Amino acid sequence: MLAASEGGFHKPSIEEFFPGALLFAGTPFEINRIMLIRLVMTVVVAGFFLIAMRRPKLVPRGVQNLGEYALDFVRIHIAEEVMGRDNGRRFLPLLTTFFFLVWACNLAGVIPLFNIAGSAVVGLPLVLSVVTYVVFNYAGIKSQGFGRYLKNQLIPTGVPVYMLPLVMPIELVSTFILRPFTLTVRLLANMMAGHLMLVLFFSATSFLLFEASALFKPVGVLSFAMGFVFTLFELLVQFLQAYIFTMLTAVYIDLAMHEH
Amino acid sequence: MSDETDKTTSTGDGDVWRLISTLVAGPVVWGGIGYLVDWANDSRIFLPIGLGFGFVLGFYIVYVRHGRG
């Protein structure tokens, strides 16, 4: 978006998602703009909860009130809703971390100067999906044992033996490949598309209002209005994607722990 | 703030997501196998057959799991 002010129409491209290195260039610890945004948002989330829960009172006030409301949202509407009270509370720390980390990194997409979501590049969604993958398999193996867990995941109850070679590959792909894959791609694609839309509208606004001929200025106003509407829409998508990512993590863990 | 829920076990909502995943995985797996067979034989018939077969199998698994009551 900043590039739009440098002249000409800046059309969104895939290069948006691969900015140059800021620190430690050429090493495995290279930090670019997007990685920096992730770190900043992580510190913001951690800082918020540290401040909110620093001196907890029995009757919450101020920031503690907000913190408890946030924690209760994940506990009631995701963890306990999907997994029930006991398991919900057991996995609450993981689910809470996922929800607020994903939401905060998504929100960076509409925060001025950041202008891109920390989850719009594959690294963050992939790492969180791998954590989900490890946790749901671990939870399943721990609660049922390895053999029983595998049997429950791969062999649907009631299928005759001669059908198993046909249906087992489907269950294998559905459970062990599609789950982490779709979890990663859903979040990544939504954030990437949202960023491209916003860049498109605001770049067009800048070009049409300040560089194109006077004839195009009304179109620039329309483009700005659309950019504003899409920013609001993006706020909704950012929250929804964090919610869906966390809820699916809870669903996968719950499915792994129960026989079907 | 503390709106206690009295559910102690899971709601089974996960079954819906599992159902969708199975319906997608069927065509992916058998369509993929059909594509490989087509690629090996330089033909063009096994991909659509695999897709259809996988779709039917996906429905079959869903029926066995949830449709029999």
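## A buried threonine

Thr246(A) has 0% relative accessibility, so it counts as buried. The model is predicted. Thr246(A) sits in helix H7 of chain A. Which residues does Thr246(A) contact, leaving aside neighbours within four places in sequence? They are Ile78(A), Leu95(A), Phe98(A) and Phe99(A).

## The H3–H7 pair

Thr246(A) is also one of the residues through which H7(A) meets H3(A). H3 of chain A covers residues 92–107, and H7 of chain A covers residues 217–257. Their axes come within 9 Å. They cross at roughly 155 degrees. Angles over 145 degrees count as roughly antiparallel, and H3(A) and H7(A) are therefore roughly antiparallel to each other. The crossing is right-handed.

On the H3(A) side, the contact is made by Leu94(A), Leu95(A), Phe98(A), Phe99(A), Val102(A), Trp103(A), Asn106(A) and Leu107(A). H7(A) contributes residues including Leu235(A), Gln238(A), Phe239(A), Tyr243(A), Phe245(A), Thr249(A) and Ile253(A). By class, the contact has 14 nonpolar residues, 5 polar ones and no charged ones.

## Nonpolar cores

How many residues does the largest nonpolar core have? It has 50. Met83(A), Phe91(A) and Ile253(A) have the most contacts inside this core. Seven helices of chain A, H1 (33–52), H2 (62–90), H3, H4 (123–144), H5 (146–154), H6 (164–210) and H7, each supply at least two of its residues. H7(A) gives the largest share, 12 residues.

Ile253(A) belongs to this core and to the H3–H7 contact. Not counting residues up to four places away in sequence, Ile253(A) touches Met83(A), Phe91(A), Leu94(A), Val135(A), Phe136(A) and Ala139(A). Two of these partners, Met83(A) and Phe91(A), are named with Ile253(A) among the residues with the most contacts inside the core.

A second, separate core has 13 residues. Among them are Leu164(A) from chain A, and Ala25(B), Leu57(B) and Val64(B) from chain B.

## Chain A overall

Chain A has 7 helices and 2 strands. Along the sequence the pattern is β-β-α-α-α-α-α-α-α. The C-alpha atoms fill a box of roughly 70 × 55 × 40 Å along the principal axes.

Chain A has 260 residues, of which 45% count as buried. What share of contacts between residues at least 6 apart in sequence joins residues at least 24 apart? In chain A the share is 67%.

Methods. Residues numbered from 1 in each chain as written. Chains lettered and ligands numbered in written order. Predicted model: local features only at pLDDT ≥ 70, side-chain atom pairs only at ≥ 80, totals over all residues. Heavy atoms only, no water. Axes fitted to C-alpha atoms, helices over the stretch in contact; angles between N-to-C directions. Helix = DSSP H or I, 4+ residues; strand = E, 2+ residues; numbered from the N terminus. Parallel < 35°, antiparallel > 145°, perpendicular 65-115°, else oblique. Left-handed = near helix turned anticlockwise from the far one by under 90°. Contact = heavy atoms within 4.5 Å. Nonpolar A, V, L, I, M, F, W, Y, C, P; charged D, E, K, R; others polar. Core = buried A, V, L, I, M, F, W, Y, C linked by side-chain atoms within 4.5 Å. Buried < 20%, exposed > 50% of the residue type's maximum accessible area, 1.4 Å probe, protein only.
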